[in-house]
Amino acid sequence: MADQNLVFQLDGGDVVIKLRDDLAPKHVARISELAADGFYDGLTFHRVIDGFVAQGGCPNGNGMGGSGQKIEAEFNSEPHVRGTMSMARASDPNSADSQFFICLDEVPYLDNQYTVWGEVISGMEHVDALPKGEPPRNPGKIISAKLVDA
């Protein structure tokens, strides 16, 4: 399979994410499947905290929903730094589903506790421009999520 990137089209422009199946093959496969199915299209960033993370991927828009298919944890030693794509989860390490977060800054206390599956390689300024809040008054949306050849 050719290397692919995930592209989130946001209001401000495209965010290009390098998929790291070398770190988290099950997560990349599931996220790719969800993106190809249009699951992420129209979903919001329901939690955006300056200096921390922008979280999205919840079909309910409140952090309580998912696709209904859990992904087994694939913790790795990749650090949570600005632009890191990682999976949100509940207290159960194997509870990741469709929700993800993008690190807005270094967040070392998340290292080895959440599955890193990608990194933003361009368009981080569009992530920075997302409306802030938990949830934001007018949350930023993923207009579309698509896979493109790297």
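At 44% relative accessibility, K26 is partly exposed, a class lying between buried (under 20% relative accessible area) and exposed (over 50%), as computed with a 1.4 Å probe on protein chains only. The structure is a predicted model, in which local features need pLDDT of at least 70 and side-chain atom pairs count only at pLDDT 80 or more, whereas totals for chains, interfaces and linings use all residues. Residues are numbered from 1 along each chain as its sequence is written, and side-chain values use heavy atoms, with hydrogens and water left out.

K26 forms a salt bridge with E72, at an N to O distance of 3.5 Å. Because E72 is placed in the loop between β4 and β5 and K26 in helix α1, this pair ties together parts 46 residues apart in sequence. Helices (H or I, at least four residues) and strands (E, at least two) are DSSP runs, numbered from the N terminus. E72 is likewise partly exposed, at 46%.

Seven salt bridges were found across the whole structure, each defined as a side-chain nitrogen of Lys or Arg within 4 Å of a carboxyl oxygen of Asp or Glu. A network of such bridges links R20, D22, E78 and E119. Within this group, R20 is buried, with a relative accessible area of 12%. The side chain of R20 meets that of E119 at 3.2 Å, N to O; this pair joins the loop between β2 and α1 to strand β7 (residues 116–122), 99 residues apart. R20 also bridges to E78, with the closest N and O atoms 3.5 Å apart. Since E78 lies in the loop between β4 (53–56) and β5 (84–87), and R20 in the loop between β2 (13–19) and α1 (25–36), the contact ties together parts 58 residues apart in sequence.
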